[in-house]
Amino acid sequence: MTDLRKIDPASLLRGATMPRFNRRDMFKYAGMGAGALGLSSILAACGTKASAPGTGVPTGADEAGSPEWWAARKAEGPGTTLNFTNWPQYIDIAKVNGVRVHPTLEKFKEATGITVTYRADINDNAEFYASIQPALEGGTDTGHDIIVITNGPQLSEMIDLGYLIPLDPDGHPNFDANADPTIVSPAYDKNNVHTLAWQSGFTGIGVNRKYIDREITSMEDLKDPAFAGHIGMMANDDAANLAIMAVGVIPEESTPDDWATAAAWLQDQKDMNIVRKYYFQDYLTAFENEDIWISLAWSGDILIDQLYYDRPEFEFLIPETGGVIWTDNMCIPQKAANPLGAMMLMDWYYKPEIAAPLTEYNNYVGPVPAAKPIIEADAAAATGADKKVLEAVASSPFVFPTPEVAANVHSSRVLSAEEEQTWNDLFIPIWGG
C-alpha cells in the first residue's frame, strides 16, 4: 500500500486541488471580458491551420497514429525513457530510504524496462497549452510524451487542430477491460481516439454545518438571503453549467437560449448582493477561514479537508438539479519521442492493482471500479489514521460514484468557436464585472 500523505499537508492540499479551477482560464489571464474572441478564432487570426472537420487530424498531416504507424513502433520500448508531465501532487508518493518515489511508476519500469521522467509542471491548462503551442504549430517535439489536460477548450483545440497523436486502438487492453463505462467515449473525445481518463471529480455545493443546520438540496439555496455575505460562487464555467442545470436543462443539450436563461439566473443572484465573491481556487481558503459558509465547491477539496484537516463539519453535495463532472485526460502530443512508451503507461494505470494506490493517494474519482475491493482490503489491513482514510475513500460516493450520483452529473458543454464567443459574452460579465 502507498505510504499515505507523508508530505507537507499544506503543499498537498494546494497541489492536489489545483487542477480544478481551469475551464476557460485563458480569458482570465488575458483580462478579456464581454465580446472576447473564442480560442479557435484567435488561432485562426494567427494563421493556424485547422483540422478536417470532426476528425481531429490536420489537413495534410502525416500518418502518425495510423495502424501502420503504430505497428512500426512496436520494436521500441525496453531501455527507452518516457517523459510524463502532470499536475502537482497528482500521483502516488512514498519515501524509500529517505527518497521520494512514485511506486506505480517504479513498478512500470520493473515490468517494461522503460524509465519514466515525471514532472509536475502543469498548473493551468491555458498556460501550459501556450507553452507547448509553438512546438505543436512548428511540428516539433514538445518534450512531453504524455500530458494531462482537463476537458475544455484547450483539449478540444488540440484535438481539432491535430496536435494529438491518435491512440493505438489495440494498445489499451487494460482500458478496454477495466474502464468505468462513464469515462468511455466522452462527448469531447468520442471513442477515446485521443485520450484516456486520468482522474475525475465533481463540482457541486460545499456546506459548513457549523453555520448551516438546515437541509441543503438546491442551487436555490445559494440565493437564500439568510446566508448573505457568506455565499461563494465560482468565476468559471462550472458556475455557468450548474446554472444551466438549475433552470432545468442538461448542459450537453443546451442551446444559446438556455445559456441566456442561466445567465439571467446568475445575474439575479448577483443583483441580490448576497454573494461574497466570485472565486477561483481561493474559494477554499475562504471556506476554511469560515468567511463563506456555502459555496460552489470541488469534491476532492472537501474530502481532503475532512480526512486530513479534521473538518467533519464540511459537507459536499450534488444539487438536485445536477452537478458537473470534469475529467483530466492523458494524451500524447504530436512528435512525441516515445509514443509507444506513452501508450503503454497510459494503459498501465487501468490495471486495478495500479489504479488502487493512485486513488488511495488522490482521493478523486479513479477510472477503474475494480480498484475499490483492493482499497477495501488495504483498509482492512491498515491501522490508525491510515485505516480511517482508506475506509473513507473506499466508501465515498464521490470517489466511487453510486448510481444515483453518476446519474445526476453532467459534463460541461463542448462549444464551437462561434458558440464560445456567445457563451463568453453572456457569462464572463457576471463574474468579471
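I count Ala, Val, Leu, Ile, Met, Phe, Trp, Tyr, Cys and Pro as nonpolar, Asp, Glu, Lys and Arg as charged, and the others, Gly among them, as polar. By that scheme the lining of the largest cavity divides into seven nonpolar, two polar and no charged residues.

I note that this is a predicted model, in which local features need pLDDT of at least 70 and side-chain atom pairs count only at pLDDT 80 or more, while totals for chains, interfaces and linings use all residues. Residues are numbered from 1 along each chain as its sequence is written, and side-chain values use heavy atoms, with hydrogens and water left out.

Next, the aromatic pairs. I searched the whole structure and found 16 of them, taking rings of Phe, Tyr and Trp (its six-membered ring) as paired if their centres lie within 6.5 Å, with planes under 30 degrees apart counted as stacked, over 60 as edge-to-face and the rest as tilted. I looked up Phe-108 and Trp-348, whose ring centres are 5.5 Å apart with planes at 70°, so this pair is edge-to-face. Both Phe-108 and Trp-348 are buried (under 20% relative accessible area, with exposed over 50% and partly exposed in between, for a 1.4 Å probe and protein chains only). For Phe-202 and Phe-398 I read centres 6.2 Å apart and planes at 70°, so that pair is edge-to-face, and both Phe-202 and Phe-398 are buried.

I also recorded one aromatic cluster, formed by Phe-84, Tyr-90, Tyr-118, Trp-198 and Tyr-349.
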